[in-house]
Amino acid sequence: MNREILINSAYIAASILFIVGLKMLGRQATARRGNLLSGVGMLIAIVVTLLDHHVINYTWIVVGLVAGTVIGLACAFWVRMTAMPEMVALLNGFGGLASLLVGAAEFLRIRIGEVTPANPGFTAVTIFLTILIGGVTFTGSVYAFCKLAEWLAGRPVLFRGQHGLNGLMLVATLGAGAVFAAAGESATVLAAFWIFVALALVLGWTLVMPIGGGDMPVVISLLNSLSGLAACAAGFVINNNVLIVAGCLVGTSGVILSIIMCQAMNRTLRNVLFSGFGAKAAAAAADGPGAVQGELKPMSPEDAFAVLEAARQVVVIPGYGLAVSQAQHAVRELAEVLERNGAEVRFAIHPVAGRMPGHMNVLLAEANVPYEQLVEMDAINPLMPTMDVAIVIGANDVVNPAAARDKTSPIYGMPIINAHEARTVICLKRGKGTGFSGLENRLFLLPNTRMLYGDARASLQSVVAEFKSIAAA
Ligand code: NAP
């Protein structure tokens, strides 16, 4: 069998493993195996590519492999779970940069006569797309990383004529791309090349500017999708089938994920990208009719114990604060003592709780909370009036009744978990901090709500200690 057929067969096997692995990632029970399967697919793709006769020198590949392995291992050990979104942003950025460099290297190889493309027009267009999408992904992701890591202000940055300016830059980039693809006089092509490289890099930055706050995870997912599309375009440039397939999979899954997140927030993608949502929401919270007044009713861990001790139906609603305080093990312990006390315990999972899709599922799985106890929002809401106690742990926006009732609220229409319908609501948070949308929450002021202030993990441990001390007595 000739070498080309062997390589392409291995690429098809790798692509099948990617697709099956992705499918398995959709269910918690099969997610780990899915991840492993996709990893094996990637290993096959890398090994086969390294054996390809196009590789003429392994020195830099080995240097890259060693450096990448060391950096990857360091990240796996030291990056905290709550820092995952910025980590993903950075990885997307490197993906975009890699595609940009592939496109630029191919252009230079053609220029110095090292390769002659079979179809120069098609190759020029794919080089242009690789660099445009790769450049936007790179600087957009670096900016998103800086916002999430709080190196730069996380709020949306808005100025007059911003969208017009971005539109003009996009038109200029496409114009430079057209000149580049038309392949006229050599100096003109080179000038067009540098112009669209520079514009793509600036556009990445300016397109992410008006987005901030709670919308950043959607942007990360979109940038992830763009990094896939850049890789796909790079696959056409260097004629590599597995890069085209893998790029398409990343590109489409990123778009699907972005749309799912927008739907869960009851927003359109257009609104997320262009409305400067975070800035408006904060202003509405401060001045508008959504401003919340009233009295918060604190409780002690002993009070919380007394309420929970009598409860038979308990629902736990985790949110971003659970991740911040790393309270997943403490909450599993609480669920266990409640069950020993005769209560039925469920965990209600909102699709956008936390800061990334599946955030709560990952944390609870890490603490070995049984899958069967996890209930999705649509399934738990009809049961909510039958719940004796709802324990809201570091969740805010996803249980904000204004989303269902207050037409003036910027989050009006976002589906929520109806914690307020439980007989008693115990809210665990540190103080009066708002959710990521910047909005106040009336749930905390309702007559059936009590506030258990403090770091969520410490509060949960105190309540568990109460249960244990009674059991020991
Ligand atoms: P949230 O609205 O961001 O609220 C988190 C709450 O946790 C805060 O009110 C904070 O109050 C509390 N908290 C923080 N650290 C804590 C600690 N150590 N102990 C106890 N409490 C702590 O969280 P959410 O209800 O999970 O909502 C998620 C938000 O992210 C939504 O607006 C959603 O639209 C957005 N979002 C999520 C995704 C996703 O994929 N998951 C995607 C896009 C957008 P204190 O400061 O007073 O403690």
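The dialogue below goes through some terms used for this predicted model and the values behind them.

Mentor: The model is predicted, so local features need pLDDT of at least 70 and side-chain atom pairs count only at pLDDT 80 or more, while totals for chains, interfaces and linings use all residues. Residues are numbered from 1 along each chain as its sequence is written, and side-chain values use heavy atoms, with hydrogens and water left out.

Trainee: What makes the domains of this chain, and where are their bounds?

Mentor: The bounds come from an automatic or database domain assignment. Domain 1 covers 1–77, domain 2 covers 79–274 and domain 3 covers 286–472. Taken over C-alpha atoms, the centres of domain 1 and domain 3 are 41 Å apart.

Trainee: How do you know which residues surround the ligand?

Mentor: A residue is near a molecule if one of its heavy atoms lies within 4 Å of it. For the ligand there are 32 such residues, and the closest are Gly-214, Arg-355, Asn-396, Asp-397 and Arg-430. By class, 14 are nonpolar, 12 are polar and six are charged. Here Ala, Val, Leu, Ile, Met, Phe, Trp, Tyr, Cys and Pro count as nonpolar, Asp, Glu, Lys and Arg as charged, and the others, Gly among them, as polar.

Trainee: Why is the ligand said to lie between domain 2 and domain 3?

Mentor: Because both domain 2 and domain 3 give residues to the shell around the ligand. Helix H13 (320–325) and strand E5 (424–429) each supply at least two residues of that shell, and H13 gives the most, with four residues. Helices (H or I, at least four residues) and strands (E, at least two) are DSSP runs, numbered from the N terminus.

Trainee: Why is the pair of Tyr-143 and Trp-205 called stacked?

Mentor: Rings of Phe, Tyr and Trp (its six-membered ring) pair if their centres lie within 6.5 Å; planes under 30 degrees apart count as stacked, over 60 as edge-to-face and the rest as tilted. The structure holds 11 aromatic pairs. In the pair of Tyr-143 and Trp-205 the centres are 4.2 Å apart and the planes are at 10°, so the pair is stacked. Tyr-143 lies in helix H5 (residues 120–148) and Trp-205 in helix H7 (residues 186–208), so the pair ties together parts that are 62 residues apart in sequence.

Trainee: What is the case for Ser-15?

Mentor: Ser-15 has a relative accessible area of 9%, so Ser-15 is buried. Ser-15 is placed in helix H1 (residues 3–25), and the side chain of Ser-15 reaches the backbone oxygen of Tyr-11 at 2.8 Å.

Technical notes:
Buried < 20%, exposed > 50% of the residue type's maximum accessible area, 1.4 Å probe, protein only. Polar contact = N/O pair within 3.5 Å; in protein donor to acceptor, adjacent residues only side chain to side chain.
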